[in-house]
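Please read these points with the sequence and the structure open beside you. They are grouped by region.

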Amino acid sequence: MPALDDGTPLFVQIADQLADDIVGGGLAEGARVPSTNELAAFYRINPATAAKGINLLVDDGVLEKRRGIGMFVAAGAQEQLRAGRRKRFAEQYVDPMLAEANRLGIDTDTLVSLIRGPGWHNGGSRP
Amino acid sequence: MIPTISATALSRRYRDQIALDEVSLTVEPGTVTGLLGRNGAGKTTLMRIITGLEFPTAGDLRVFGEVPAENDPVLRRMVFVREEQAYPDLRVEHVIQVASWFYPNWSEDLAQQLLSDFALPPKRRIKRLSRGMRSAVGIVIGLAARAELTLFDEPYAGLDAVARQLFYDRLLTEFAERPRTIVLSTHLIDEVADLLEHVVMLDHGRVVLDAPADDVRGTAMTVSGAATAVEEFVAGRTVWHRQRLGSRASVTIADSLDPAEQAKARALNLSLEPLSLQQLLVHAAGHSADEKVSA
């Protein structure tokens with residue numbers, strides 16, 4: 001079972017995991033998403049919690065219900081989620097990186113060259 | 001909709017000892033409720049009154065809107081699996097057969113499936129079963145009864161982690177496929193936390209917490225990092241616990257943090273860790289004890 005970390009409410013984590021799958025292309029637009037009971041069994045959570053997670057994405061227009069068949073990824077869902085995540089990218093990834101670079105005395109030029117440079121992932125490895 | 005269980009100012013006294021002290025609560029149909037608390041908190045007494053095994057000293061208790069005691073039609077709609085349940089010394093298959101006569105929604109297919117899942121030998125006599133196997137017999141009956149109200153009181157004495165996980169998985173599948181009302185009393189809070197929709201905590205016979213599980217999670221955080229930064233961050237908040245080691249500090253606050261506050265914590269290079277349900281309840285119990293002392 002994939003571990004859920006308990007930082008945010010469980011139903012939000014369920015919504016995030018589904019959103020991840022849609023952004024990553026694992027769940028294509030028009031694809032059927034797992035049912036509430038399937039999610040509950042997979043993550044070992046209460047079905048009501050899984051339903052709350054799904055409803056979060058329905059409210060955002062990312063998923064749509066087709067009566068009697070199930071939940072499906074809505075048209076345009078991937079781009080909608082990507083746009084939302086781009087907005088939060090600076091806050092979630094760049095700001096913490098800048099804060100750590102600042103603590104380590106890495107100036108902006110060095111940081112930029114680290115990002116531009118080939119093999120940056122080797123040079124920046126940590127134990 | 002009529003609540004499955006409703007208690008109003010329910011009290012139970014044994015001579016000079018108070019087991020339940022004006023307990024009021026409702027359990028809605030189709031939910032999984034965790035009934036939590038320390039030994040002697042009143043969990044078993046409450047379940048015994050719900051299942052008509054005991055009478056309240058004062059107050060009112062209703063199951064499906066009726067008083068359960070000596071009310072056979074109501075009692076047949078519920079199943080109660082007790083800790084260290086005693087069975088007549090029959091063979092396992094006969095205990096299962098006797099149980100099947102009592103519960104109108106009994107599923108024989110499910111019972112047989114569970115017997116094989118838990119590797120229970122049908123021909124063996126109850127007395128020759130291990131403690132864990134006897135617990136598994138209770139779990140088989142509790143699930144196969146498919147009763148509208150299913151109560152488990154510490155159902156897993158002697159069951160190992162693998163068998164407990166099997167129990168949780170089967171409970172979840174059964175609940176998903178055939179929704180019913182489940183009340184589960186346990187000490188292994190973190191094991192069942194994600195299965196619960198609602199949490200009721202008793203302490204010294206009183207309800208100290210009665211809330212949706214989603215509301216309880218994330219209501220307290222441990223903030224750790226450089227002591228000066230930690231103190232700056234927690235200033236003005238309700239502090240439950242404080243620990244220091246050299247220049248580092250770790251402080252538990254009774255707050256949930258919005259994304260802006262979380263970003264602020266990250267900027268201060270602080271790590272945030274939410275309290276698990278079990279840790280939260282330990283705190284809740286500690287605080288109600290404090291109140292009692294100061295009252």
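Notes on the two chains

1. The pairing of β1(B) with β4(B) is antiparallel and runs over 5 bridges. Strands count as paired if DSSP finds at least two bridges between them; helices (H or I, at least four residues) and strands (E, at least two) are DSSP runs, numbered from the N terminus.

2. This is a predicted model: local features need pLDDT of at least 70 and side-chain atom pairs count only at pLDDT 80 or more, while totals for chains, interfaces and linings use all residues. Residues are numbered from 1 along each chain as its sequence is written, with chains lettered from A and ligands numbered from 1 in the order in which they are written.

3. On its other pairing, β1 (residues 5-14) of chain B is joined to β2(B) by 7 bridges, again antiparallel. B:Arg12 faces B:Leu20 in β2(B), and B:Tyr14 is opposite B:Gln17. The hairpin of β1(B) and β2(B) has 2 residues between the strands, and B:Arg15 takes a positive phi near 50° there.

4. Taken together, 3 strands of chain B make an open antiparallel sheet in the order β2-β1-β4. Because β2 (17-27) and β4 (58-63) of chain B are at the edges with a single partner strand each, one side of each has no neighbour in the sheet. On average, neighbouring strands of this sheet are turned by 25° against each other, direction ignored.

5. Chain A has 6 helices and 2 strands, in the order α-α-α-β-β-α-α-α from the N terminus.

6. Within chain A, α1 (residues 10-24) packs on α4 (residues 77-104) at an angle of about 110°, with the axes 9 Å apart. Axes are lines fitted to C-alpha atoms, for helices over the stretch in contact, and angles run from 0 to 180 degrees between N-to-C directions. α1(A) and α4(A) are therefore roughly perpendicular (65 to 115 degrees; under 35 is roughly parallel, over 145 roughly antiparallel and the rest oblique). A:Ala19, A:Ile22 and A:Val23 of α1(A) meet A:Ala77, A:Gln78, A:Leu81, A:Arg82 and A:Arg85 of α4(A). Contact here requires C-beta atoms, placed from the backbone, within 7 Å.

7. Which elements of chain A touch chain B? In the interface, 19 residues of chain A are in contact with 19 residues of chain B. The elements giving two or more residues to that side of chain A are α1, α2 (36-43), α3 (47-59) and α4. α4(A) gives the most, with 4 residues.

8. One helix pair crosses between the chains: the axes of α2(A) and α6 (residues 161-177) of chain B come within 10 Å and cross at roughly 170°. That makes α2(A) roughly antiparallel to α6(B). A:Asn37, A:Ala40 and A:Ala41 make the contact with B:Leu172, B:Thr173 and B:Ala176.

9. The largest nonpolar core has 97 residues, and A:Ile14, A:Leu18, B:Ile50, B:Val140, B:Ile141 and B:Leu151 have the most contacts inside it. Such a core is a set of buried Ala, Val, Leu, Ile, Met, Phe, Trp, Tyr and Cys residues joined through C-beta atoms within 7 Å. Not counting residues up to four places away in sequence, B:Val140 touches B:Ile96, B:Ala111, B:Leu114, B:Leu115 and B:Phe118.

Methods: A residue is buried if 20 or more other C-beta atoms lie within 10 Å of its own, exposed if 12 or fewer, and partly exposed in between; C-beta atoms are placed from the backbone. Two residues are in contact if their C-beta atoms, placed from the backbone, lie within 7 Å.
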